[in-house]
Amino acid sequence: MPGLNRISDQNISIEIRKTPFTCMRCGACCREIEPGSNLVLVSPAEVRVIMAATSLTFDEIAEPYPDFIHEGKRRYTLGWAIRRDGNRCKFLGEHGCLIYQSRPWICRTYPFMIDNENLMVSPCSGIGTGTDVMDPEIVNRFVQDLIDRQQAEKAEEEHIAEVLTREQIPAGKLVVIDGEGMRIMNG
Ligand code: SF4
């Protein structure tokens, strides 16, 4: 993507190979392990993919990301999180993810993410337990997914910045700003 500073495909591949990883299917990344942990941040585009795969509405899938910005009487957040049932992602079923083919980028690329030009690895019991990532096909899939995720997140950030410059956020309301616009949630 033009104008996007990012780690090269080859370097992502090299870094992933240094981190042997096999998903243990423990579902720990789909649950709140400590207060606020493992919330799945999603863009409206990702919610729409899940809507197409389920019969659920936008609001049944996602809720405002609870990291609110307070500016005087204005209160807003910059995205959405997948809803939970108790401490579990609402899509974590008895035998794993119920929307596996439509799961968001965060889930698709866990435990890896690109932060600026570095590959970050989140805590995960599957790290160091296997040799899956040594399989070139698995490494290539992670590399492509990480690149696609970075581009999607960058595009969403740019759209949010545009929305913030054109919208007047009302006081006294709970507002979500996302790449598609401004949504007033209540009151
Ligand atoms: S969408 Fe699926 S993979 Fe992602 S947190 Fe929920 S259950 Fe886990």
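Author: First, a naming rule: helices (H or I, at least four residues) and strands (E, at least two) are DSSP runs, numbered from the N terminus. Residues are numbered from 1 along each chain as its sequence is written. This is a predicted model: local features need pLDDT of at least 70, side-chain atom pairs count only at pLDDT 80 or more, and totals for chains, interfaces and linings use all residues; side-chain values use heavy atoms, with hydrogens and water left out.

Reader: OK. Where does Pro 170 sit?
Author: Pro 170 is in the loop between H5 and S12.

Reader: What is Pro 170 in contact with, leaving aside neighbours within four places in sequence?
Author: Arg 74, Val 175, Met 182 and Ile 184. Contact means heavy atoms within 4.5 Å.

Reader: And how many residues apart in sequence are Pro 170 and Ile 33?
Author: They are 137 residues apart in sequence, and 35 Å apart in space, C-alpha to C-alpha.

Reader: Back to H5. Which strands does H5 lie across?
Author: S4, S12 and S13, and H5 runs at about 130° to S12. Axes are lines fitted to C-alpha atoms, for helices over the stretch in contact, and angles run from 0 to 180 degrees between N-to-C directions.

Reader: What order do the strands have in that open sheet of four?
Author: The order is S3-S4-S12-S13, with mixed pairing. Two strands pair if DSSP finds at least two bridges between them. The edge strands are S3 (69-71) and S13 (181-184), each pairing on one side only. From one strand to the next, the twist averages 30°.

Reader: In what sense do S4 and S12 pair, parallel or antiparallel?
Author: Parallel, over three bridges; S4 covers residues 74-77 and S12 covers residues 174-178. Arg 75 has Leu 174 in S12 as its bridge partner.

Reader: Which strands form the open sheet of three?
Author: S1, S5 and S2, in the order S1-S5-S2, and the pairing is antiparallel. Its edge strands are S1 (41-42) and S2 (62-64). S1 and S5 (residues 80-82) pair over two bridges, and Leu 41 has Ala 81 in S5 as its bridge partner.

Reader: New topic: at what angle do the axes of H1 and H5 cross?
Author: Roughly 125°, and the axes come within 9 Å; H1 is residues 9-17 and H5 is residues 136-166. H1 and H5 are therefore oblique to each other. Angles under 35 degrees count as roughly parallel, over 145 as roughly antiparallel, 65 to 115 as roughly perpendicular and the rest as oblique.

Reader: Which residues in H1 meet H5?
Author: Asp 9, Ile 12, Ser 13, Ile 16 and Arg 17. In H5, they meet Pro 136, Val 139, Phe 142, Val 143, Leu 146 and Ile 147.

Reader: Last one. What pLDDT does the protein chain average?
Author: The average is 90, and 93% of the residues score at least 70. pLDDT is the predictor's confidence in each residue, from 0 to 100. Over residues 1-5 pLDDT stays under 50. Where pLDDT is low, the predicted coordinates should not be read in detail.
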